[in-house]
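Me: I would like to learn how to read the features of a model, one at a time. Please give the general idea first and then the case at hand.

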Amino acid sequence: LSYGNNAVVAIANGQISGRGLGAPLTNLALRFLADKEYVHQNYKIGYRGISAHHTQLCSSTMFLKDAQGTPIGMLCINYDPARGIAAANAVLSMCGLPPVTAAAAQSESAPVATENFVGSLPDSVRAAIEEVTGTPGIPASRLTMEEKIKIVDALNQGGLFYLKGAVSEVAAQLGSSEATIYRYLSKLKA
């Protein structure tokens, strides 16, 4: 975060989430920043993630802060529980007990928020627009100005505009100009 690009700067085992160096922050990481979650707690643990390959992950994030409490980075751990669940089910099967599902393995107290892992800014914007509209691949030409403003508002509240280049990418995907997106953002602040 301290470099201003809000992207992955180091990663190990990126095949788990399907991401690599330079990948943008996730929808949930952006929301953590927008909602200033780091002010009241140092970490978020045990929430659900969905990898770029659409597998369910157990995810946790630690906020790395400077001496003033400003976030300078995030340490994120994403675990694919599939092997552990398979091993547990093998033991349960030998005992004649029903299998455990991935959903049942999640903690009952885990937050309902889901983190979506994408590998690029265009994918991040596309996923955010789909989340807002509830429709994958909706053509920009079918959106009214009010719908576009609603999308920009939701993307702004979700922290998407913290990402470098987000305004131009949102403009391209909504079939608008960058000036229009900035106008929507200033209208929303008023």
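Me: What should I know about the model and its numbering?

Reply: This is a predicted model, in which local features need pLDDT of at least 70 and side-chain atom pairs count only at pLDDT 80 or more, while totals for chains, interfaces and linings use all residues. Residues are numbered from 1 along each chain as its sequence is written, and side-chain values use heavy atoms, with hydrogens and water left out.

Me: How many helices and strands does the chain have?

Reply: The chain has 8 helices and 4 strands. From the N terminus on, the order is α-α-β-β-β-α-α-β-α-α-α-α. The C-alpha trace spans about 65 × 45 × 30 Å along its principal axes.

Me: What span does H6 reach from its first C-alpha to its last?

Reply: The expected span of a helix is 1.5 Å times one less than its number of residues. H6, residues 145-157, has 13 residues and reaches 18 Å, close to the 18 Å expected.

Me: Which residues of H6 are buried?

Reply: Buried means under 20% relative accessible area, exposed means over 50%, and partly exposed is in between, with a 1.4 Å probe and protein chains only. In H6 the buried residues are Lys 148, Ile 149, Ile 151, Val 152 and Leu 155. They lie on the same side of H6 because they cover an arc of only 160° around the axis; the arc is taken over the directions from the helix axis to the C-beta atoms. Glu 146 and Lys 150 are exposed, on the face of H6 turned away from its buried side. For the chain as a whole, 34% of the 190 residues count as buried.

Me: Which helices do the buried residues of H6 pack against?

Reply: Packing is read from contacts, that is, heavy atoms within 4.5 Å. The buried residues of H6 pack against helix H5 (121-133), helix H7 (166-174) and helix H8 (178-189).

Me: And what do the buried residues of H1 pack against?

Reply: In H1, residues 27-34, the buried residues are Leu 28, Ala 29, Leu 30, Phe 32 and Leu 33. Their partners are helix H2 (37-40) and the strands E1 (43-50), E2 (56-65), E3 (71-79) and E4 (114-116). Before H1 comes a segment that includes Gly 22. Gly 22 touches Ala 7 and Val 8, not counting residues up to four places away in sequence.

Me: How many residues does the largest nonpolar core have?

Reply: A nonpolar core is a set of buried Ala, Val, Leu, Ile, Met, Phe, Trp, Tyr and Cys residues joined through side-chain atoms within 4.5 Å. The largest one has 30 residues, and those with the most contacts inside it include Val 152, Leu 155, Phe 161 and Leu 174. H1, H5, H6, H7 and H8 each give two or more residues to this core. Leu 174 touches, among others, Ile 129, Lys 148, Val 152 and Ile 181, not counting residues up to four places away in sequence.

Me: How many salt bridges does the structure hold?

Reply: Side chains of opposite charge can pair when their charged atoms come close. A salt bridge here is a side-chain nitrogen of Lys or Arg within 4 Å of a carboxyl oxygen of Asp or Glu. The structure holds 2. In one, Arg 126 pairs with Asp 123, the closest N and O atoms being 2.7 Å apart. These two are separated by about one helical turn, because they are 3 residues apart in helix H5. Arg 126 is partly exposed at 37% relative accessible area, and Asp 123 is partly exposed at 33%. In the other, Glu 37 pairs with Lys 44, with the closest N and O atoms 3.2 Å apart. Glu 37 is partly exposed, at 22%.
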